[in-house]
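Please study the structure shown below and work through the exercises that accompany it. Each exercise is followed by a solution in steps.

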Amino acid sequence: MDIRTQIIIRSNPNIYRFLREESYWYKYLNRNPNSIRDLEKSMKNKYKLTTEDRLEKVGNSISLLHSFMDVLK
C-alpha cells in the first residue's frame, strides 16, 4: 500500500475503523490505491454519513419536535 493511502487511512478514524472491520479492503487498496474513494463511499454508507442520511436525521428530529409541540398544545 502506498504512503499517501496510509496517511489518508490514519488521518480519518472512521476509515481506519471501517478498514479494521472490513479487512478485505486491504486487498483492493494494495492492488489499486485509487480505490480509496470507493472505500470512503462504502464507509459512509455503512456508518450513515452520507448527505441523504444526515438530511433524514434532521427531518426526523424536526418531525419529533413537531409531534412534541402538538402534544403540548
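This is a predicted model: local features need pLDDT of at least 70, side-chain atom pairs count only at pLDDT 80 or more; totals for chains, interfaces and linings use all residues.

**Exercise 1.** Determine how many salt bridges the structure holds and which residues form them.

*Solution.* 
Step 1. The structure contains two salt bridges.
Step 2. In one of them, Lys46 pairs with Glu21, with the closest N and O atoms 2.9 Å apart. Because Lys46 belongs to helix α4 (residues 36–46) and Glu21 to helix α2 (residues 13–21), this pair ties together parts that are 25 residues apart in sequence.
Step 3. Lys46 also meets Glu22 in a salt bridge, at 3.0 Å from N to O. Glu22 lies in the loop between α2 and α3 (25–31) and Lys46 in helix α4, so parts 24 residues apart in sequence are tied together.
Step 4. Through shared partners, Glu21, Glu22 and Lys46 are joined into one network.

**Exercise 2.** Describe how helices α1 and α2 are arranged and which residues meet.

*Solution.* 
Step 1. The axes of α1 (residues 3–11) and α2 come within 5 Å and cross at roughly 105°.
Step 2. Angles of 65 to 115 degrees count as roughly perpendicular, and α1 and α2 therefore fall in that class.
Step 3. From α1, Ile8, Ile9, Arg10 and Ser11 meet Pro13, Ile15, Tyr16 and Leu19 of α2.
Step 4. Sorted by class, this contact has six nonpolar residues, one polar and one charged.

Definitions and conventions: Residues are numbered from 1 along each chain as its sequence is written. Side-chain values use heavy atoms; hydrogens and water are left out. A salt bridge is a side-chain nitrogen of Lys or Arg within 4 Å of a carboxyl oxygen of Asp or Glu. Helices (H or I, at least four residues) and strands (E, at least two) are DSSP runs, numbered from the N terminus. Axes are lines fitted to C-alpha atoms, for helices over the stretch in contact, and angles run from 0 to 180 degrees between N-to-C directions. Angles under 35 degrees count as roughly parallel, over 145 as roughly antiparallel, 65 to 115 as roughly perpendicular and the rest as oblique. Contact means heavy atoms within 4.5 Å. Ala, Val, Leu, Ile, Met, Phe, Trp, Tyr, Cys and Pro count as nonpolar, Asp, Glu, Lys and Arg as charged, and the others, Gly among them, as polar.
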